[in-house]
Amino acid sequence: MPKEPEISLAEKTFVLEALKQNLRVDGRNIHSFRDIQFSFGDDYGFVDVRLGKTRVLARISAEIIRPRPDRPFEGTFTISTEMGPMASPSFEVGRPTDLDNTLSRLLEKSIRRSTALDLESLCIVTAQRVWSLRADLHFLSHDGNLIDTACIATITALAHFRLPVVTVSGEDITIHPVTERVPVPLSLLHWPICVTFSFFGEDDDGEMVCVLDATAQEEALREGDMTVTVNKNGEVCQISKSGGVAVEAETLMKCARKAAEKVKGIDKLIASALRGDEIARNKGNLDWLKEGRSENER
Amino acid sequence: MPIQIIAPAPFVTADDEADDEGGVRLDFDNDGDIAMDGDAPRRAAGRQSGGIVTPGEVVTEDPQWMRGHGTYLSQPLAPGGSQSIVSSLAGTISKTNKLLSIRALKFRYVPEIGDLVVGRILEVQTKRWRVDIAAPHSATLLLSSINLPGGILRKRTSTDELQIRTFFSEGDLLVAEVQTLSNDGLASLHTRSLKYGKLRNGVFMTIDAGMVRRMKSHVLTMNTSNGGGEVDIYLGVNGYIYIAKHTTPLTESGGPEGKSVSITRLEEEASEAIYSNVNEEISPETRAEIARIACVIGALAKNGVKVDDEMVHLGYEAALEEFLQGMEWGGDGEAGKRVVEAALAKRMEG
Amino acid sequence: MEGLRNDGRRWNELRRIHCQLSTSSTNADGSSYIEQGFTKVLCNVTGPAEPSSRQKVKQDAATVTCEVYFAAFSGTDRIKRGRNDKKVQELQTAIQKTFASVILTHLFSRSEITISIHILSQDGGTLAACINATTLALIDAGIPLKDYVCACTSGQSTSIFDNEGSTPDPWLDVNYLEESDIPSLTVATVGETEKIVALSMENKVRIEMLEGMIAVGISGCAKVKGIMDAEVRRYGKTRLEAATGE
């Protein structure tokens with residue numbers, strides 16, 4: 001199991017000194033994200049998100065199961081992450097590292113616990129049949145900031161996914177294939193998006209340097225980090241800062257506000273990417289849109 | 001932003017009107033820490049009376065002090081200001097000339113060269129053993145650092161390596177001296193003297209490492225009453241203690257007059273017997289006395305009194321008096337406390 | 001009941017705190033016990049000692065390991081939590097990361113410091129009590145720390161709204177009933193600097209309320225530090241007096 005190579009002292013000093021003067025090695029502003037690129041698959045619920053060189057694939061799949069006995073009118077939703085050597089040679093399959101645990105915990109708290117997905121809408125027949133959704137995340141390339149990328153990928157995939165229409169008649173449940181009935185989107189109450197800040201000590205003015213969207217090199221050199229999950233309505237869904245350098249409360253509040261601001265921008269990006277995909281899918285077949293509308297032509 | 005926080009309903013009021021000695025509590029230790037009177041005790045911000053410092057407390061901002069163990073330098077409050085020495089432990093301040101260090105109330109044993117320690121073998125490796133001495137790292141005992149049967153000047157052969165378990169095996173107790181220390185604190189032991197080596201005929205116990213005072217000799221021989229005979233007590237500086245029936249040293253077993261031996265005799269005397277695993281015959285009276293001494297040492301340590309030969313003797317006498325008066329003897333709890341107090345009282349008188 | 005919470009406290013009142021050092025007489029180098037209201041946590045610290053596995057050896061610093069055990073009877077329902085339980089792992093990682101940055105680990109290379117926590121009763125503020133207990137146990141073990149790490153919880157009651165629309169005061173040190181009802185966060189500060197070393201919030205809250213919650217939490221931490229410091233000094237004094245024979 002090869003370990004991550006240690007960063008040399010010269011590199012370290014260079015990067016840290018540059019950050020003290022608000023300059024980053026790749027030329028970005030300390031508060032700007034890398035370019036986010038989306039690419040959707042043929043199936044609904046399949047999205048590949050790229051944040052610079054970091055690449056995460058998310059796929060949503062659904063099946064019908066018996067609900068939990070203590071929650072008979074709720075569906076279930078699980079997120080599964082597995083890191084393999086494809087992302088980085090230091091990851092091993094089956095041996096979860098700290099990063100793995102942190103990632104799955106943060107996604108749990110951000111998306112599941114904040115009820116982004118309305119589980120009651122997944123119910124088909126109370127206490128008998130519900131939809132069970134599963135999000136599988138595959139990490140294809142690791143160049144820092146896996147948490148934010150994974151969250152964006154999961155939310156986009158959930159927003160992209162379409163559930164097949166189900167009709168219930170007495171005891172029988174009929175699942176209509178895509179060709180028969182147009183599948184329906186999921187009921188997402190809000191879109192929580194994670195933003196991770198990395199702390200690098202104080203700059204020349206005595207203020208803590210907070211960097212957004214750290215690359216793998218910056219992550220290896222950081223002294224502390226904090227992940228804030230916000231949605232575009234200004235609600236903070238979770239905050240997690242475990243250890244690392246101690247930071248003033250003022251600075252943390254500034255970061256939280258910055259995160260809220262950024263999330264509005266990312267939200268718009270996701271929405272426009274989804275819209276673009278929708279149009280591309282139905283290019284040349286805009287009659288579908290017309291058939292879906294119930295208005296009469298005037 | 002000043003938010004007024006209401007304190008919880010008082011449960012235990014902390015007694016804080018300790019006598020104000022005017023600042024620093026000086027350490028009078030056998031180690032020879034000399035306190036410099038004449039240094040005006042600097043009352044740094046936040047330091048309360050009573051002499052205890054706690055982690056994060058600024059000890060002094062005076063740049064004349066050098067920082068020793070248990071402290072670190074903090075960032076200066078104002079740019080261009082001096083760095084202050086901050087404590088990182090809970091303990092008392094000790095000043096030696098210009099060196100300021102903190103002595104913790106409790107700490108793990110840190111090996112020094114020349115310490116006599118009692119250890120237990122953890123692992124047998126090729127040509128050496130790994131020994132547990134209650135330090136941050138386990139110590140090593142090299143095959144070339146022990147006395148081999150047949151004489152100390154014998155060359156180590158490959159047969160010795162193959163028979164390494166006949167000397168020390170896993171779980172054996174031994175008394176040794178710290179020979180060298182590597183730069184990250186790994187100790188290397190040796191038993192190159194007839195007074196060191198494998199321990200038998202007795203009882204092993206542990207106490208806090210800080211409770212053993214550093215003395216000239218850590219091996220005591222006590223004459224016990226009630227027909228117990230002589231008992232050896234090995235007070236390891238690391239807090240590991242061994243109390244055993246006194247065995248005649250090998251140098252005396254040979255000659256009829258019991259005189260000291262020449263170098264050549266030594267070779268013959270360092271026989272196989274020093275690595276034997278068989279205990280001698282021990283009478284019940286001796287066992288009782290060994291148990292009593294063990295309880296006394298345990299009681300001393302538990303009540304915060306440092307263990308040295310004087311205290312062990314006084315404690316033993318006090319324990320005998322208790323026993324003779326027919327009281328319950330347990331070692332810890334009330335009986336132990338009484339014994340310790342009686343011993344301390346005796347020390348005050350004597 | 002104007003201004004009083006369900007257990008009779010005001011918004012800025014801490015629960016009763018009782019803490020003890022050196023509670024364990026076994027092989028632990030340092031131990032402590034803390035009660036915050038009805039939340040009871042026991043902590044044992046061993047080390048620095050030989051690392052338990054080869055992987056844990058770090059060349060230039062000590063490794064900090066944390067193990068958390070929930071007693072099955074600690075919550076309202078009897079639940080046995082194994083080592084792979086999510087909650088257990090969360091607590092372990094949070095505590096390990098927090099203290100790895102406060103312990104002066106560069107002084108003990110290639111050794112391991114093990115923190116072992118037993119949660120006997122949960123009544124809100126579990127993470128905070130664990131952090132406080134760990135600080136005390138580390139001090140007891142004589143392991144050098146930069147400073148105290150004190151933690152406290154605070155919650156935002158959204159039920160009462162002023163007519164002017166201003167936010168109500170946040171509640172300090174929430175108990176179990178309050179925790180399940182309102183959004184709350186745990187904040188841990190370093191000594192008296194008011195700098196935050198750990199912050200954990202798992203509920204949804206409006207960003208405008210966040211500042212108030214954090215501020216109240218920090219003030220609560222300062223108070224907790226005072227209480228813990230007093231106990232450490234008291235304990236130190238009794239030990240020193242015993243050592244010199246009164």
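Q: Where does Arg5(C) lie relative to β1 of chain C?
A: Keeping in mind that this is a predicted model, Arg5(C) is found in the segment that comes before β1 of chain C, a strand covering residues 17–21.

Q: And is Arg5(C) buried, exposed or partly exposed?
A: Arg5(C) is partly exposed, because 19 other C-beta atoms lie within 10 Å, while a residue counts as buried if there are 20 or more.

Q: How far apart in space are Arg5(C) and Arg234(C)?
A: From C-alpha to C-alpha they are 32 Å apart, and in sequence 229 residues separate them.

Q: OK, zooming out, what is the secondary structure of chain C?
A: Chain C has four helices and 10 strands, and from the N terminus on they follow the order β-β-β-β-α-β-α-β-β-α-β-β-β-α.

Q: How does its radius of gyration fit with a compact globule?
A: The value for chain C is 19 Å, and this agrees with a compact globule, because one of 246 residues would have a radius of gyration near 18 Å. The C-alpha trace of chain C spans about 60 × 45 × 35 Å along its principal axes, and 56% of the 246 residues are buried.

Q: Which strands make up the open five-stranded sheet in chain C?
A: The order across that sheet is β1-β2-β3-β5-β4, with mixed pairing. β1 and β4 (63–70) of chain C are the edge strands, and each has a single partner strand, so one side of each is left without a neighbour in the sheet. From one strand to the next, the twist averages 15°.

Q: Do β4(C) and β5(C) run parallel or antiparallel?
A: They run parallel, and eight bridges join β4(C) to β5(C), which covers residues 112–121. One of the residues involved is Tyr69(C), whose bridge partner in β5(C) is His118(C).

Q: Which helices lie across those strands?
A: Helix α1 of chain C, residues 86–100, lies across β4 and β5 of chain C and runs at about 145° to β4(C). Helix α2 of chain C, residues 126–140, lies across β1, β2, β3 and β5 of chain C, at about 150° to β2(C).

Q: New topic: in the largest nonpolar core, which residues touch the most other members?
A: That core has 153 residues, and the ones touching the most other members are Ile193(A), Ala151(C), Val187(C) and Ala188(C). Helix α4 of chain C, residues 207–243, gives the most to this core, with 11 residues.

Q: What does Ala188(C) touch?
A: Leaving out residues up to four places away in sequence, Ala188(C) touches several residues, including Thr98(C), Ile131(C), Ala151(C), Ile196(C) and Cys221(C).

Q: And how many residues of chain B are in contact with chain C?
A: There are 38 such residues in chain B, and they are in contact with 47 residues of chain C. The side of chain B that touches chain C has 22 nonpolar, 11 polar and five charged residues.

Q: Last one: what is the strand order in the three-stranded open sheet of chain B?
A: The order is β2-β5-β4, with antiparallel pairing, and the twist averages 40° from one strand to the next. Three bridges join β4(B) to β5(B), and Leu73(B) has Ile85(B) as its bridge partner in β5(B).

Key: Residues are numbered from 1 along each chain as its sequence is written. Chains are lettered from A and ligands numbered from 1 in the order in which they are written. This is a predicted model: local features need pLDDT of at least 70, side-chain atom pairs count only at pLDDT 80 or more; totals for chains, interfaces and linings use all residues. Helices (H or I, at least four residues) and strands (E, at least two) are DSSP runs, numbered from the N terminus. The radius of gyration is taken over C-alpha atoms; the globule rule is 2.2 Å times the number of residues to the power 0.38. A residue is buried if 20 or more other C-beta atoms lie within 10 Å of its own, exposed if 12 or fewer, and partly exposed in between; C-beta atoms are placed from the backbone. Two residues are in contact if their C-beta atoms, placed from the backbone, lie within 7 Å. Ala, Val, Leu, Ile, Met, Phe, Trp, Tyr, Cys and Pro count as nonpolar, Asp, Glu, Lys and Arg as charged, and the others, Gly among them, as polar. Two strands pair if DSSP finds at least two bridges between them. Axes are lines fitted to C-alpha atoms, for helices over the stretch in contact, and angles run from 0 to 180 degrees between N-to-C directions. A nonpolar core is a set of buried Ala, Val, Leu, Ile, Met, Phe, Trp, Tyr and Cys residues joined through C-beta atoms within 7 Å.
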